[in-house]
Every structure is written in structure tokens, then in C-alpha cells.
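Please keep the sequence and the structure in view while reading.

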Amino acid sequence: MNYNNILTKTEDGITLITINRPKKLNALNLETIQELHEAFKTANKDKNTKVIIVTGSGEKAFVAGADISEFADFDIEEGRELAAEGQKLLFNFVENLSTPVIAAVNGFALGGGLELAMAAHFRVASDNAKMGLPEVSLGVIPGYGGTQRLPQLVGKGRAMEMIMTAGMIDANQALNYGLVNHVTTPEDLLPFCKKIAGKIMRNSSVAIGSAIKAINANYKDGVNGFDVEISEFGNCFGTEDFKEGTTAFLEKRKADFSGK
Ligand code: COA
């Protein structure tokens, strides 16, 4: 599929999705959100994709936020619709994919950019990255899940401070906060993410999908995560991967998972 605002490439089990509006610091306009939805959906269905990495093009930005020029004259209803559609199409969608998603944060990750990185399953940043939720400086609040996922990742007090000050933190502070798992040089960012992807790919993709579901259940209202874990744990016993994984262990050989 041809996209206007993103690039996708699948190689060695990894689909790399690159947001490609460098002149606008990869700001998320509606078309980009639609295209990202399609690209993530396609990669999640693709048998050759075991891990998805999302990054921004250029050296300056991952994503500098939602495209401010698109919503500057919105009214209350349009504002609500913008947040609801975006959460459904992209942010909640990414968080609930069964294929692991790593955000490779290669520069500014602000507003919707940090929200996208937080919707990914985990984050790696280059040492020039800067992260923040500056929405209150525009008279609005984060609308793509930022008020929920930032406290989940860094704790309530730090999230309150970051959102109230509209400030940015650098990669090392993000590491210290647990917002990103690793910091690399800009050159090492993608190779490092691909190395982690390689480790993930050795394991059962069907079990990983179950683990994502169970972990996410901890953050869903009205859902008992322990019950989801019990159910997903049980489901694993019906998979070919479980038979292969346990048999390979007992036969003292490496498992060869089919992902079924
Ligand atoms: N929406 C729309 N356009 C954006 C954008 C956004 N979120 N972020 C950057 N851009 C555009 C700028 O308008 C500029 O376009 P132009 O060249 O046509 O004028 C271009 O990207 C480059 O940005 P610029 O501001 O010139 O770069 P800078 O290095 O001086 O500053 C930032 C970088 C990230 C600090 C600054 O762009 C910024 O504050 N962006 C907005 C961040 C934000 O508030 N995001 C939350 C949105 S809810």
C-alpha cells in the first residue's frame, strides 16, 4: 500500500514504520493517523512480522505532537471527536495489538508523539530525545491517552508535574523515570531496537500475544487481570507452540515455534 505520510519496510521478521513528515517534525495530522492505523493493522496480520518498530524520520523528531494547524478552530464537539477517534484508531489500537510494538524515540516526542510512544509496548530513546506533554501551554490537555498512560509509567506525582509545567525531560531523566527502558546514541537506536526484537522473536509469538493481553488487563476498568491471566494461561495449553516449547526443553534442543 502507498502512503503519503509514513514509510513501512518488513525485513527479518521486523516491520519498521517510519512517520515521514520531517518538515513538520512528523506532527500527526489526521491522514497520518489513518495511515498509521492501516500500517499497524497490516503488520499485525502479517505472518512475516514478529515485531513492529515505530520511529520518526530525520534527526530531530520522533513526533512533535498532534498537528496543531488542524484543530486550532475546533469547537467542543469537534474536540471530543478528535480525541475519541484518535484513541480508537491509533493509541488504544496499538496498545492492544498482539504483535509487540517498540517505540524508537529519536528526538522530540511531544504531546501526541509521547502519547504514541507510550501506547507502544515499550520505549527506547536516543540520547538527543526530549519528551513532554505540553498541551496545557496551548490551553488544552493531552487527549490521546496521555493523562492515563503517563501516570501508569512514571507515577502520579511526576506525571502531574510534567503535565502542569508543560516541560520537557531529556532521555536520561526519562530513563530514570522508567518512561524509556534504554538510552542509546542516535546511530545505535535502530540496531539496538532490532537486537531486542531478535530476542523477542526467539519466543512463542502466540504466548507473547497472550502476555500482552494479560498485562494490559491490569490497566482496564472493570476487568480482573488475574482472571484474564488464568484464561490466557489456560489457552496457551491448547497451542502448538506450547507442545513444541515443552517438548524441545525435555529433548534438550532449541524450540522451533510456528506461532500457532
Ligand atoms: N503541529 C503542527 N506543526 C508543527 C508541530 C505540531 N505539533 N510541531 C512542529 N511543527 C512545525 C512548525 O510549525 C514548523 O513548520 P513551518 O516550518 O512550516 O513553520 C516545523 O514543524 C518546524 O518546527 P519549528 O517550531 O520551526 O522547530 P523548532 O526546532 O524551532 O522547535 C519544537 C521544535 C518541537 C520545540 C516546536 O516545533 C514545538 O514546540 N512544537 C509544538 C509542540 C507541541 O506543542 N506539541 C503538542 C501538540 S498538542
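## The ligand and its surroundings

A nitrogen atom of the ligand is found 3.0 Å from a polar backbone atom of I68, a polar contact being a pair of N or O atoms within 3.5 Å, where within protein one atom must be able to donate a hydrogen and the other to accept it, and residues adjacent in sequence count only if both atoms are side-chain atoms. Of the ligand's own accessible area of 860 Å², the protein covers 59%, with areas taken from the Shrake-Rupley method using a 1.4 Å probe and, for residues, only the protein chains shown counting as cover. The model is a predicted one, in which local features need pLDDT of at least 70 and side-chain atom pairs count only at pLDDT 80 or more, whereas totals for chains, interfaces and linings use all residues. Residues are numbered from 1 along each chain as its sequence is written, and side-chain values use heavy atoms, with hydrogens and water left out.

The ligand is surrounded by 15 residues, of which K24, K60, A64, A66 and I68 are the closest; a residue is near a molecule or strand if one of its heavy atoms lies within 4 Å of it. This shell is made up of nine nonpolar, one polar and five charged residues, where Ala, Val, Leu, Ile, Met, Phe, Trp, Tyr, Cys and Pro count as nonpolar, Asp, Glu, Lys and Arg as charged, and the others, Gly among them, as polar.

## Helix α6

Helix α6 spans residues 156-165, and within it A159, M162 and I163 are buried; helices (H or I, at least four residues) and strands (E, at least two) are DSSP runs numbered from the N terminus, and buried means under 20% relative accessible area, exposed over 50% and partly exposed in between, with a 1.4 Å probe and protein chains only. Viewed down the axis of α6, the buried residues fall within an arc of 90 degrees, so they line one face of the helix, the arc being that of the directions from the helix axis to the C-beta atoms. An α-helix has 3.6 residues a turn, so residues three or four places apart point the same way.

The face of α6 turned away from the buried side carries E161, M164 and T165, which are exposed. The cover over the buried residues of α6 includes α4 (112-119), β8 (130-132), α5 (146-154), β9 (168-170) and α7 (171-177), contact meaning heavy atoms within 4.5 Å. Just after α6, A166 adopts a positive phi of about 60 degrees.

## Helix α11 and the segment after it

In helix α11, residues 240-250, the buried positions include D241, E244 and A248. These cover an arc of only 65 degrees around the axis, which puts them on the same side of α11, while F249 and L250 are exposed on the other side. Helix α9 (205-217) is included in what covers the buried residues of α11.

In the segment after α11 lies K252, which has a positive phi of about 55 degrees although it is not a glycine. K252 is exposed, at a relative accessible area of 79%. Most residues other than glycine have a negative phi.

## A loop residue with positive phi

D12 is not a glycine either, yet its phi is positive, at about 50 degrees. D12 sits in the loop between β1 (6-11) and β2 (14-19), and with a relative accessibility of 67% it counts as exposed.

T18 belongs to strand β2 and is buried, with a relative accessible area of 12%. T55 belongs to strand β3 (residues 51-56) and is likewise buried, with a relative accessible area of 5%. Beyond residues up to four places away in sequence, T55 touches L16, I17, T18, I19, F62, A104, N106 and L190, and a polar contact of 3.4 Å joins the side chains of T55 and N106.

E115, in helix α4, counts as buried at 2% relative accessibility. Leaving aside neighbours within four places in sequence, the contacts of E115 include F91, L133, E135, P142 and Y144.
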